[in-house]
Amino acid sequence: MSLDILVESLRDDPKFMRNVTTWRTLPPYSAGTSPWPADLDPRLIRTAQSLGIETLYTHQAQAVTAALRGENVVLATGTASGKTLGYILPLLHTLLRNPQTTALLLFPTKALAHDQIVALEQWLEVLQVPIALRPYDGDTPTRHRAAIRKEARIIVSNPDMLHLGILPHHTRWARFLGGLRYVVLDELHTYRGVFGSHIANVLRRLRRITQFYGADPQLVSASATIANPQELAATLWESPVKPVAEDCAPYGQRHIVFYNPPLIDAALGRRRSAVAEAIVLARHMLQAGVQAILFARSRLTVELLLRDLRKQAIADGFDPDVIQGYRGGYLPRERRAIELQLRTGAARIVVATNALELGIDIGALDAVVLVGYPGSVASTRQQMGRAGRRVGAALAVLIATPAPLDQYMVAHPDYFFGRSSEMARVNPDTLGILSSHLACAAFELPFTYNEPFGKAAQITEILDVLASEAVLYKSNERVTWVGDVYPAQSVSLRTATADNVVIQVFPGQGQTVAQVIGVVDRPSAASLVHQGAVYFHSGQEYLIRSLDWEQGLALAENQDLDYYTVAATITKVERLEVRRQVPAEHEQGEISNLVGSTDVTLTDERVVVYRKPAGYRRVHMATHETLGWGEIDLPEQVMETEAFRLTLGTEIVEALAEEGILVEPLDYGSEWPGIRSQILARDGNRCRLCGASGQPPQRALEVHHLTPLRVFLGQYPRPLALRLAHAPDNLLTLCPICHHQVERARGARTALSGLAYLLRNLVPIYLLCDPSDVGTAVQSRDSESGQPAIVIYDMAPGGVGLTSQLVDLWPRLVRAAFERVNDCTCASGCPSCIGPAIEVGAKRATYHLLERLCS
């Protein structure tokens, strides 16, 4: 069966079509071409034609022409639009004309770098010129590195190797760096957030060193379609950049389908699993001979899909090896083998995370299934573009999960089709990141006072602090590194921490050699590989028997399990600094436009976040029912970052209290009287708010839970919930008057809990980020105002400028939240709107709060 026949069979299937919220058929369109640039070396034109490239698309010609004029360029067009030629041609032209020049090509992954080496080797083989092309990454054998430094004119590497293996040892690279003419950054859109902020500083170090050797390299970059490619490139390179963004490549007919799994319980808002629907669709594709990728948003979902699809393949008479998984954590040799199977057609279905979203050559695929919205318009278009990459009909199906962002997208398809992609943001001057790279730069070349470091401000002050901490040595007007090892070793570019946790499994049967099956970054390890966690690899389940936090080692045992695990954390946020507040005296004229209701305050802040893993659930794979609970005993993690805070005023709080949120009496457990007495004694038998003393029975004091016991009972088994709820830092003594006021605010807190869930999941509509890039905390009493508040914070240490944008985005964000709650059919809360209801009246309270916020 061809793809066309599969498409028609889906159109004719009423069971499938009743769940389709939109089906758009985008017509094919032909290429826009331009003549070869007049200045381009004729040898390159002949080589291109011998490789089957008769002419250039117009965007390719524009990029090449601009680069040959000496301009910095960013080429931002769609998937499979031939962006690679935009940098290959000017690079080879310059190296052919000047035998002293060199070029550095940086790719975010080794797999992508490997692909580009193959492409460049084809050009050099046809050209028959002695231009030394060499890879240089962590896999390069040590015995080969000296020869590479001596002879290479084109180095293909990644930012990590530039940071760790080239810049700290630049004296060995003097020839190469002194002749450096081009720096190529491919997949520029990936250099955002923490990673991008690090890369901007690595590029500052690179340009500082090349200037020392007398070179002034030029940037040629390629990006997927984002809203601000020129701004991003200019921020990373800190020089003007010419954008080329009009895509003139040809495309075949493309079918784009948004599919919302059917409701199985309208009152509870429960839908059939997106994973289950993806398995049904993938079986149709396998039986039809349609080669496809299934993109999932998490490693866990990839492994669950892979496991179940292979079982179905065996039942349908297929070799299970025609279905492969692909994600971060697989070893390089595993990923290379899967890529080859895709190109040759041996693998018919691959289940992947966004690790395959980038431009790795996997051949011409027929279809893409997105199991859940990827989190941004840019990523969605990038993933959908993996089908029909070489012109021809293609099918892309987005299967929505119950998450509010997914439900918003499938209910508002015009939002996706009618808007541009999101903006990518970096903050290279984040203090922690900047100071780390200043130390690296001082190791590479001593700093002189008043010497610039890109466009970073306050360099002298930071160098003084590093010198006072004996990290650097200051003598007269120079600052130098004084450590025993080079500082780049302790600076991680890809995570907020410098180390990972290794997962090992012992095979048994008397063998004692451990096999490494994966790695995870330390912040993720607390929830993914804690003792008792289930870790998936290549469709196999592994039970984590132990986690050595200090050594970064998790020991796993291969087991046949019918459940997976989900961890939960307790979060506290403290304010460090208010950077902006609305309403503020000088912004009164903006209040009605920016906040809607005047009885709220929006602030952009610096905060410190305390996060501690508390426990985990064991969840049945088939029914998704909770089978049991476990505790996690790991250290608390502390992080300074940026945050947005929404604080409610007394008018809204009192109005919500009038709605009469029902609070049923709870059993606080047999140990409660003793705990209550301890807290009263701790607080000196005085109200912590007003200082009133308790004089029973007229002024009997109350012991109040900051986070209600009901919240913990909704997430944990009763013994663990009681222990967490009765923790001393969750309890405080109040007099009857203050207790009444706080309890009135609790209705607002119930509403805020639902709103916080919504906002965290809807933020990616406006920011190029994942919901996991931001965290939320709900406070029944803000430490300064005493009013209920929501805090949304950057999950990256130091912050990368995500939540700081929410003050200005608030009107659109709160309206989107109101639409989602209003559109959802559930009765009292579900994963598609405010989250599963854990307090009576939560959805009604959230709805009324949003009504007031939007008024």
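The model is predicted, so local features need pLDDT of at least 70 and side-chain atom pairs count only at pLDDT 80 or more, while totals for chains, interfaces and linings use all residues. Residues are numbered from 1 along each chain as its sequence is written, and side-chain values use heavy atoms, without hydrogens and water.

**Helix pairs**

Helices (H or I, at least four residues) and strands (E, at least two) are DSSP runs, numbered from the N terminus. Axes are lines fitted to C-alpha atoms, for helices over the stretch in contact, and angles run from 0 to 180 degrees between N-to-C directions.

| Pair | Angle | Axis separation |
|---|---|---|
| α12 (residues 274-288) and α13 (residues 299-315) | about 45° | 10 Å |
| α10 (residues 193-212) and α18 (residues 431-444) | about 25° | 10 Å |

α10 is therefore roughly parallel to α18. α12 and α13 are oblique to each other. Angles under 35 degrees count as roughly parallel, over 145 as roughly antiparallel, 65 to 115 as roughly perpendicular and the rest as oblique.

The crossing of α12 and α13 is right-handed. A crossing is right-handed if the near helix is turned clockwise from the far one by less than a right angle, and left-handed if anticlockwise. Contact means heavy atoms within 4.5 Å. On the α12 side, Val275, Ala278, Ile279, Ala282, Arg283 and Leu286 take part. They meet Thr301, Leu305, Asp308, Leu309, Gln312 and Ala313 of α13. This contact has eight nonpolar, two polar and two charged residues. Ala, Val, Leu, Ile, Met, Phe, Trp, Tyr, Cys and Pro count as nonpolar, Asp, Glu, Lys and Arg as charged, and the others, Gly among them, as polar.

α10 also passes α18 in a right-handed crossing. Contact residues of α10 include Val194, His198 and Arg205, and those of α18 include Ile433, His437 and Glu444. By class, there are eight nonpolar, four polar and four charged residues.

**Helix α1**

Leu3, Leu6, Val7 and Leu10 are the buried residues of α1 (residues 3-11). They fall within an arc of 100° seen down the axis, so they line one face of the helix. The arc is that of the directions from the helix axis to the C-beta atoms. Partners of these buried residues include α2 (14-17), β1 (20-26) and α12.

**Positive phi**

Most residues other than glycine have a negative phi. Ala80 has a positive phi, near 65°. Ala80 sits in the loop between β4 (73-76) and α5 (83-97). Its relative accessible area is 30%, so Ala80 is partly exposed. Gln128 has a positive phi of about 55°. The loop between α6 (110-127) and β6 (133-135) holds Gln128. Gln128 is exposed, at 64% relative accessibility. Buried means under 20% relative accessible area, exposed over 50%, and partly exposed in between (1.4 Å probe, protein chains only).
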